[in-house]
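The sequence and structure come first.

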Amino acid sequence: MHQRMRFGWLVEAGVLIVFFSPLLWGISALLDLPTWITRTFMWMTVFLVVCLLVAMIAAPFVTRSERRAWSRFMAPPGVDYRPQDAGLAARLARFPAFPFDLGPAELHVVDVLHTGHAGVPVACFTLVRKVPSTPREIYQVIAAELPGTLPYLGVKVPLELRGAGLRGNRVQIEYAEFNERYLISTYDGSAQARKYAVDVLNPRAVQGLLEHEPHDVTIAGRYAVSTGHFTGKPDHTLQLLQTHGRALAQLVAWIPAHVYATYGEASSR
(Lines give C-alpha, C1' and ligand atoms only; values in the text may rest on other atoms or scores of the structure.)
Protein backbone atom coordinates (compact mmCIF):
# COMPACT_ATOMS: atom_id res chain seq x y z
CA MET A 1 0.00 0.00 0.00
CA HIS A 2 1.51 3.32 -1.05
CA GLN A 3 2.09 6.22 1.33
CA ARG A 4 -0.05 8.51 -0.82
CA MET A 5 -2.93 6.06 -0.61
CA ARG A 6 -2.63 6.03 3.19
CA PHE A 7 -2.21 9.72 3.89
CA GLY A 8 -2.89 11.65 0.68
CA TRP A 9 -6.59 12.12 1.42
CA LEU A 10 -5.77 13.52 4.88
CA VAL A 11 -3.47 16.14 3.38
CA GLU A 12 -6.03 17.10 0.77
CA ALA A 13 -8.82 17.26 3.36
CA GLY A 14 -6.65 19.53 5.52
CA VAL A 15 -5.98 21.85 2.59
CA LEU A 16 -9.70 22.02 1.82
CA ILE A 17 -10.54 22.85 5.45
CA VAL A 18 -7.97 25.66 5.50
CA PHE A 19 -9.19 26.95 2.13
CA PHE A 20 -12.79 27.13 3.37
CA SER A 21 -11.82 28.33 6.87
CA PRO A 22 -13.38 31.83 6.42
CA LEU A 23 -16.75 30.22 5.67
CA LEU A 24 -16.37 27.71 8.50
CA TRP A 25 -15.38 30.54 10.85
CA GLY A 26 -18.55 32.42 10.00
CA ILE A 27 -20.73 29.33 10.37
CA SER A 28 -19.21 28.43 13.75
CA ALA A 29 -19.80 31.98 15.01
CA LEU A 30 -23.42 32.00 13.81
CA LEU A 31 -24.15 28.62 15.39
CA ASP A 32 -22.52 29.71 18.66
CA LEU A 33 -20.25 26.67 18.72
CA PRO A 34 -17.62 26.30 21.47
CA THR A 35 -15.05 29.08 21.53
CA TRP A 36 -12.13 26.80 20.71
CA ILE A 37 -13.78 25.76 17.44
CA THR A 38 -14.42 29.36 16.38
CA ARG A 39 -10.87 30.36 17.30
CA THR A 40 -9.43 27.41 15.40
CA PHE A 41 -11.18 28.47 12.19
CA MET A 42 -10.19 32.09 12.88
CA TRP A 43 -6.48 31.21 13.07
CA MET A 44 -6.85 28.99 9.99
CA THR A 45 -8.27 32.01 8.17
CA VAL A 46 -5.33 34.13 9.30
CA PHE A 47 -2.95 31.42 8.11
CA LEU A 48 -4.73 31.26 4.74
CA VAL A 49 -4.52 35.05 4.27
CA VAL A 50 -0.81 35.07 5.18
CA CYS A 51 -0.12 32.24 2.72
CA LEU A 52 -1.96 34.06 -0.07
CA LEU A 53 -0.07 37.30 0.60
CA VAL A 54 3.29 35.49 0.66
CA ALA A 55 2.42 33.70 -2.59
CA MET A 56 1.45 36.97 -4.28
CA ILE A 57 4.71 38.63 -3.19
CA ALA A 58 6.92 35.66 -4.03
CA ALA A 59 5.36 34.73 -7.39
CA PRO A 60 7.16 37.39 -9.49
CA PHE A 61 10.53 36.48 -7.97
CA VAL A 62 9.96 32.76 -8.57
CA THR A 63 8.89 33.43 -12.17
CA ARG A 64 11.97 35.53 -12.91
CA SER A 65 14.19 32.87 -11.34
CA GLU A 66 12.62 30.18 -13.53
CA ARG A 67 13.03 32.30 -16.68
CA ARG A 68 16.73 32.87 -15.91
CA ALA A 69 17.21 29.14 -15.35
CA TRP A 70 15.57 28.27 -18.69
CA SER A 71 17.61 30.92 -20.55
CA ARG A 72 20.82 29.21 -19.37
CA PHE A 73 19.57 25.64 -19.78
CA MET A 74 21.61 23.14 -21.80
CA ALA A 75 19.75 19.94 -22.53
CA PRO A 76 21.52 16.71 -21.50
CA PRO A 77 22.24 13.96 -24.06
CA GLY A 78 19.09 12.29 -25.32
CA VAL A 79 16.86 15.30 -24.56
CA ASP A 80 15.85 17.96 -27.08
CA TYR A 81 14.93 21.42 -25.71
CA ARG A 82 12.65 23.77 -27.59
CA PRO A 83 11.63 27.16 -26.16
CA GLN A 84 8.31 26.87 -28.02
CA ASP A 85 6.47 24.22 -30.03
CA ALA A 86 3.45 25.56 -31.91
CA GLY A 87 2.94 22.24 -33.70
CA LEU A 88 2.50 20.33 -30.45
CA ALA A 89 0.09 22.99 -29.20
CA ALA A 90 -2.00 22.62 -32.36
CA ARG A 91 -2.09 18.82 -32.12
CA LEU A 92 -3.19 18.88 -28.49
CA ALA A 93 -5.60 21.83 -28.77
CA ARG A 94 -8.61 19.50 -29.06
CA PHE A 95 -7.47 16.94 -26.52
CA PRO A 96 -10.68 15.98 -24.65
CA ALA A 97 -9.37 16.34 -21.10
CA PHE A 98 -8.16 18.90 -18.57
CA PRO A 99 -6.81 21.50 -19.11
CA PHE A 100 -7.40 21.44 -22.87
CA ASP A 101 -11.16 21.00 -22.55
CA LEU A 102 -11.83 24.13 -20.48
CA GLY A 103 -13.20 26.01 -23.48
CA PRO A 104 -11.82 28.13 -26.33
CA ALA A 105 -8.52 29.78 -25.48
CA GLU A 106 -5.17 30.77 -26.93
CA LEU A 107 -2.71 27.98 -26.15
CA HIS A 108 1.08 28.26 -26.07
CA VAL A 109 3.44 25.35 -25.47
CA VAL A 110 6.76 26.58 -24.05
CA ASP A 111 9.88 25.18 -22.37
CA VAL A 112 9.47 21.83 -24.10
CA LEU A 113 11.71 18.86 -23.37
CA HIS A 114 11.46 16.01 -25.90
CA THR A 115 12.91 12.56 -25.34
CA GLY A 116 12.03 8.92 -25.85
CA HIS A 117 11.56 5.96 -23.55
CA ALA A 118 11.10 2.40 -24.82
CA GLY A 119 10.84 3.82 -28.35
CA VAL A 120 7.92 6.09 -27.38
CA PRO A 121 8.26 9.87 -27.98
CA VAL A 122 7.63 11.81 -24.76
CA ALA A 123 7.45 15.54 -24.12
CA CYS A 124 7.23 17.53 -20.89
CA PHE A 125 6.22 21.17 -21.31
CA THR A 126 4.53 24.22 -19.86
CA LEU A 127 1.09 24.96 -21.26
CA VAL A 128 0.08 28.63 -21.12
CA ARG A 129 -3.65 29.07 -21.57
CA LYS A 130 -4.92 32.61 -22.20
CA VAL A 131 -8.52 33.76 -22.42
CA PRO A 132 -9.10 37.46 -23.24
CA SER A 133 -9.65 39.71 -20.20
CA THR A 134 -8.58 37.01 -17.74
CA PRO A 135 -5.23 36.13 -16.13
CA ARG A 136 -3.26 33.47 -17.97
CA GLU A 137 -3.37 29.92 -16.67
CA ILE A 138 -0.19 27.84 -16.52
CA TYR A 139 -0.01 24.05 -16.37
CA GLN A 140 2.76 21.48 -16.51
CA VAL A 141 1.91 18.69 -18.95
CA ILE A 142 3.55 15.40 -19.90
CA ALA A 143 2.52 13.78 -23.18
CA ALA A 144 3.49 10.45 -24.77
CA GLU A 145 2.66 9.79 -28.41
CA LEU A 146 0.79 6.63 -29.36
CA PRO A 147 1.51 4.74 -32.60
CA GLY A 148 -2.21 4.79 -33.43
CA THR A 149 -5.47 6.30 -32.27
CA LEU A 150 -7.38 5.05 -29.24
CA PRO A 151 -10.65 6.10 -27.55
CA TYR A 152 -10.93 7.90 -24.25
CA LEU A 153 -9.56 6.25 -21.11
CA GLY A 154 -9.13 8.29 -17.93
CA VAL A 155 -7.13 7.26 -14.87
CA LYS A 156 -7.31 9.88 -12.11
CA VAL A 157 -6.53 10.23 -8.43
CA PRO A 158 -9.77 10.82 -6.47
CA LEU A 159 -10.11 14.15 -4.66
CA GLU A 160 -7.13 15.59 -6.52
CA LEU A 161 -7.06 19.35 -5.94
CA ARG A 162 -7.33 20.60 -9.48
CA GLY A 163 -9.94 21.10 -12.17
CA ALA A 164 -9.74 17.63 -13.71
CA GLY A 165 -13.10 15.96 -13.24
CA LEU A 166 -13.96 12.36 -14.00
CA ARG A 167 -15.79 11.99 -17.28
CA GLY A 168 -17.16 9.00 -19.14
CA ASN A 169 -18.26 5.83 -17.34
CA ARG A 170 -16.40 4.51 -14.32
CA VAL A 171 -15.05 0.96 -14.43
CA GLN A 172 -12.86 -1.20 -12.24
CA ILE A 173 -10.16 -3.69 -13.14
CA GLU A 174 -8.87 -6.80 -11.38
CA TYR A 175 -6.21 -5.03 -9.30
CA ALA A 176 -7.65 -3.92 -5.94
CA GLU A 177 -4.73 -1.64 -5.08
CA PHE A 178 -5.01 0.15 -8.40
CA ASN A 179 -8.77 0.57 -7.99
CA GLU A 180 -8.16 2.16 -4.58
CA ARG A 181 -5.46 4.46 -5.91
CA TYR A 182 -7.23 5.58 -9.10
CA LEU A 183 -10.67 6.17 -10.58
CA ILE A 184 -10.90 4.66 -14.07
CA SER A 185 -13.35 5.87 -16.70
CA THR A 186 -13.97 4.86 -20.32
CA TYR A 187 -15.76 6.29 -23.32
CA ASP A 188 -19.02 4.51 -22.44
CA GLY A 189 -20.38 1.88 -20.09
CA SER A 190 -20.34 -1.08 -22.46
CA ALA A 191 -18.61 -4.38 -21.83
CA GLN A 192 -16.32 -3.61 -24.76
CA ALA A 193 -15.22 -0.37 -23.10
CA ARG A 194 -14.38 -2.20 -19.88
CA LYS A 195 -12.45 -4.80 -21.87
CA TYR A 196 -10.57 -1.91 -23.48
CA ALA A 197 -9.57 -0.60 -20.03
CA VAL A 198 -8.42 -4.06 -18.97
CA ASP A 199 -6.37 -4.50 -22.16
CA VAL A 200 -4.62 -1.15 -21.75
CA LEU A 201 -4.14 -1.43 -17.98
CA ASN A 202 -2.41 -4.78 -18.15
CA PRO A 203 -0.23 -6.03 -15.25
CA ARG A 204 2.98 -4.34 -16.45
CA ALA A 205 1.19 -1.04 -17.09
CA VAL A 206 -0.46 -1.13 -13.67
CA GLN A 207 2.85 -1.83 -11.94
CA GLY A 208 4.58 1.00 -13.78
CA LEU A 209 1.90 3.52 -12.83
CA LEU A 210 1.90 2.42 -9.20
CA GLU A 211 5.69 2.78 -9.04
CA HIS A 212 5.78 6.35 -10.38
CA GLU A 213 2.26 7.46 -9.30
CA PRO A 214 1.39 10.21 -11.81
CA HIS A 215 -1.56 12.35 -10.72
CA ASP A 216 -3.59 11.36 -13.72
CA VAL A 217 -3.34 9.72 -17.11
CA THR A 218 -5.71 10.35 -20.00
CA ILE A 219 -5.53 8.45 -23.27
CA ALA A 220 -7.37 9.88 -26.27
CA GLY A 221 -6.56 9.96 -29.96
CA ARG A 222 -2.80 9.84 -30.48
CA TYR A 223 -1.68 10.88 -26.99
CA ALA A 224 -1.43 9.73 -23.41
CA VAL A 225 -1.32 12.86 -21.24
CA SER A 226 -0.62 13.52 -17.57
CA THR A 227 -1.30 16.88 -15.91
CA GLY A 228 -1.65 18.15 -12.34
CA HIS A 229 2.07 18.93 -11.89
CA PHE A 230 3.66 22.19 -10.77
CA THR A 231 5.81 24.12 -13.21
CA GLY A 232 9.39 24.87 -12.25
CA LYS A 233 13.01 25.11 -13.29
CA PRO A 234 14.62 22.78 -15.86
CA ASP A 235 15.80 20.25 -13.27
CA HIS A 236 12.22 19.85 -12.06
CA THR A 237 10.98 19.30 -15.63
CA LEU A 238 13.76 16.80 -16.28
CA GLN A 239 12.75 14.89 -13.17
CA LEU A 240 9.14 14.73 -14.33
CA LEU A 241 10.33 13.53 -17.73
CA GLN A 242 12.35 10.73 -16.15
CA THR A 243 9.64 9.58 -13.72
CA HIS A 244 6.10 10.26 -14.88
CA GLY A 245 7.26 10.57 -18.48
CA ARG A 246 8.87 7.16 -18.29
CA ALA A 247 5.69 5.72 -16.74
CA LEU A 248 3.60 7.12 -19.61
CA ALA A 249 6.01 5.76 -22.19
CA GLN A 250 5.97 2.31 -20.60
CA LEU A 251 2.18 2.39 -20.52
CA VAL A 252 2.11 3.16 -24.25
CA ALA A 253 4.84 0.62 -25.09
CA TRP A 254 2.95 -2.15 -23.29
CA ILE A 255 -0.38 -1.62 -25.04
CA PRO A 256 -0.83 -4.75 -27.18
CA ALA A 257 -0.97 -4.23 -30.94
CA HIS A 258 -4.43 -5.81 -31.17
CA VAL A 259 -5.86 -2.97 -29.02
CA TYR A 260 -5.31 -0.44 -31.84
CA ALA A 261 -6.96 -2.74 -34.36
CA THR A 262 -9.90 -3.53 -32.07
CA TYR A 263 -10.64 -0.14 -30.53
CA GLY A 264 -9.03 2.39 -32.85
CA GLU A 265 -12.25 3.22 -34.67
CA ALA A 266 -13.92 4.00 -31.34
CA SER A 267 -11.69 7.06 -30.95
CA SER A 268 -14.29 9.05 -32.83
CA ARG A 269 -16.83 8.60 -30.03
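## Overview

Of the 269 residues of the chain, 45% count as buried, where buried means under 20% relative accessible area, exposed over 50% and partly exposed in between, with a 1.4 Å probe and protein chains only. This is a predicted model, in which local features need pLDDT of at least 70, side-chain atom pairs count only at pLDDT 80 or more, and totals for chains, interfaces and linings use all residues. Residues are numbered from 1 along each chain as its sequence is written, and side-chain values use heavy atoms, with hydrogens and water left out.

The chain has ten helices and seven strands; these are DSSP runs (helices H or I, at least four residues; strands E, at least two), numbered from the N terminus. Among contacts with a separation of 6 or more, 68% come from residues 24 or more positions apart, a contact being heavy atoms within 4.5 Å.

## Helices α7 and α9

Helix α7 spans residues 203–212 and helix α9 residues 244–253; their axes come within 9 Å and cross at roughly 175 degrees. That makes α7 roughly antiparallel to α9. Axes are lines fitted to C-alpha atoms, for helices over the stretch in contact, and angles run from 0 to 180 degrees between N-to-C directions. Angles under 35 degrees count as roughly parallel, over 145 as roughly antiparallel, 65 to 115 as roughly perpendicular and the rest as oblique.

On the α7 side the contact is made by Ala-205, Gly-208, Leu-209 and His-212, and on the α9 side by His-244, Arg-246, Ala-247, Gln-250 and Leu-251. By class, this contact of α7 with α9 has four nonpolar, four polar and one charged residues. Ala, Val, Leu, Ile, Met, Phe, Trp, Tyr, Cys and Pro count as nonpolar, Asp, Glu, Lys and Arg as charged, and the others, Gly among them, as polar.

The buried residues in α7 include Ala-205, Val-206, Gly-208, Leu-209 and Leu-210. Their cover includes α5 (176–181), α6 (191–200), β7 (216–229) and α9. Just after α7, Glu-213 has a positive phi of about 50 degrees.

## Helices α8 and α9

Helix α8 (residues 234–242) packs with α9 at an angle of about 25 degrees, the axes being 3 Å apart. The two helices are therefore roughly parallel to each other. Leu-240, Leu-241 and Gln-242 of α8 meet His-244, Gly-245 and Arg-246 of α9. The residues of this contact divide into two nonpolar, three polar and one charged.

## Aromatic pairs

The structure holds nine aromatic pairs. Rings of Phe, Tyr and Trp (its six-membered ring) pair if their centres lie within 6.5 Å; planes under 30 degrees apart count as stacked, over 60 as edge-to-face and the rest as tilted. Phe-95 and Phe-100 have ring centres 5.9 Å apart and planes at 75 degrees, so the pair is edge-to-face. Phe-95 is buried, at a relative accessible area of 6%, and Phe-100 is buried at 6% relative accessibility. For Tyr-187 and Tyr-196, the centres are 5.9 Å apart and the planes at 45 degrees, so the pair is tilted. Both Tyr-187 and Tyr-196 are buried.

Trp-70, Phe-73 and Tyr-81 are linked into a cluster by ring pairs.

## Strand β2

Leu-107 lies in strand β2 (residues 106–117). Not counting residues up to four places away in sequence, Leu-107 touches Ala-89, Ala-93, Phe-100, Leu-127, Val-128 and Arg-129.
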